[in-house]
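Subject: A structure for you to look at

Hello,

Here is the structure I promised to pass on. Please open it and keep it beside you while you read my notes below.

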Amino acid sequence: MPKHATRNVMATSFALVGALALSLTGASAHASAPLDYVALGDSYSAGSGVLPVDPTNLLCLRSTANYPHVIAARTGARLKDVTCGAAQTKDFTASQYPGTAPQVNALSADTDLVTLTIGGNDNGTFINAITACGTAGVLTGGKGSPCKNMHGTSFTDQIETNTYPALKSALKAVRDKAPNARVAVLGYPWITPAEADPSCFAKLPVAAGDVPYLRDIQTHLNAAVERAAEESGATYVDFSRASDGHDACKAAGTRWIEPLLFGGSLVPVHPNALGERRMAEHTMSVLGLS
């Protein structure tokens, strides 16, 4: 082979090797880059009642031990946490408190991962149902189903009529702001057991017949969240099996949700630190995050 041809072949080979090395270096750098992670949502995402409290926005009662912080710590993700206690779907696109930006403002085309719980505060579903059924339970000494008899399908009707379309709108706003992100919408872990536990009445004073009634309301809410997630192209993280047996009636160390009375949190009927960790772990499992 002529010398100039040999030189050309060697030059070409060095160029190919160099290009390959640069490609591999770039791929490695890209693979090791941390996820840009934005956490949205209400008090179940904020970890309201779990210490320590994030001092940057005390109105939101956000914990630095909530499930977004657990996920970020275990994956090395860069977390921007704008979760806020008492948030409704409308607070994704409007200011919840003076000086608090709409939650979707934290998103961008560079966002890789979004997690959220939302919908439980729309129509006052959680607080109104728990308050109504707790009051009725006390007045009847835990007998019968006074809350169901009084309210019937009103809570589930509101979920279908108001919450479900609001969820779809909120998730569309998320997708519009973060078109390249993987969006995970978490369901709510069980608050009540499937059937009444007489030993739980002091902690969760709901009449025996209203315990499954409350569970049914939560089932309807989670189903609405799941439909909205699937229709928006998001991943739904289902806790119906994972959280079974960890409701507010269980003993400390087993329960993920604190009871209404005599619990260990300043914010009752919300996840405790164990619940937030388990929510993080199950979400990571569903998403395949290490």
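Let me start with a charge and a ring: the charged end of Arg-215 lies over the ring of Trp-190, 3.8 Å from its centre. By "over" I mean that NZ of Lys or CZ of Arg is within 6 Å of the ring centre and within 35 degrees of the ring normal. Arg-227 does this too, with its charged end over the ring of Tyr-164, 4.4 Å from the centre.

A word on the source: this is a predicted model, in which local features need pLDDT of at least 70 and side-chain atom pairs count only at pLDDT 80 or more, while totals for chains, interfaces and linings use all residues. Residues are numbered from 1 along each chain as its sequence is written, and side-chain values use heavy atoms, leaving out hydrogens and water.

Next, the aromatic rings. There are 3 aromatic pairs in the structure; rings of Phe, Tyr and Trp (its six-membered ring) pair if their centres lie within 6.5 Å, and planes under 30 degrees apart count as stacked, over 60 as edge-to-face and the rest as tilted. Tyr-44 and Phe-126 are a tilted pair, because their planes meet at 35°, with the centres 5.9 Å apart. Tyr-44 belongs to helix H2 (residues 43-46) and Phe-126 to helix H4 (residues 125-139), so this pair ties together parts 82 residues apart in sequence. Helices (H or I, at least four residues) and strands (E, at least two) are DSSP runs, numbered from the N terminus.

Buried means under 20% relative accessible area, exposed over 50%, and partly exposed in between (1.4 Å probe, protein chains only).

Tyr-44 also pairs edge-to-face with Tyr-188, at 5.2 Å centre to centre and 85° between the planes. Tyr-188 sits in the loop between strand S4 (182-186) and helix H7 (211-231), 144 residues from Tyr-44. Tyr-188 is buried, with a relative accessible area of 1%. Tyr-44, Phe-126 and Tyr-188 form one aromatic cluster.

Finally, have a look at S4. Of its 5 residues, 4 are buried, so S4 is largely enclosed by the rest of the structure. Strand S3 (residues 113-116) runs parallel to S4 and is joined to it by 4 bridges; strands pair if DSSP finds at least two bridges between them. S4 also pairs in the parallel sense with strand S5 (residues 235-237), over 3 bridges.

Happy exploring!
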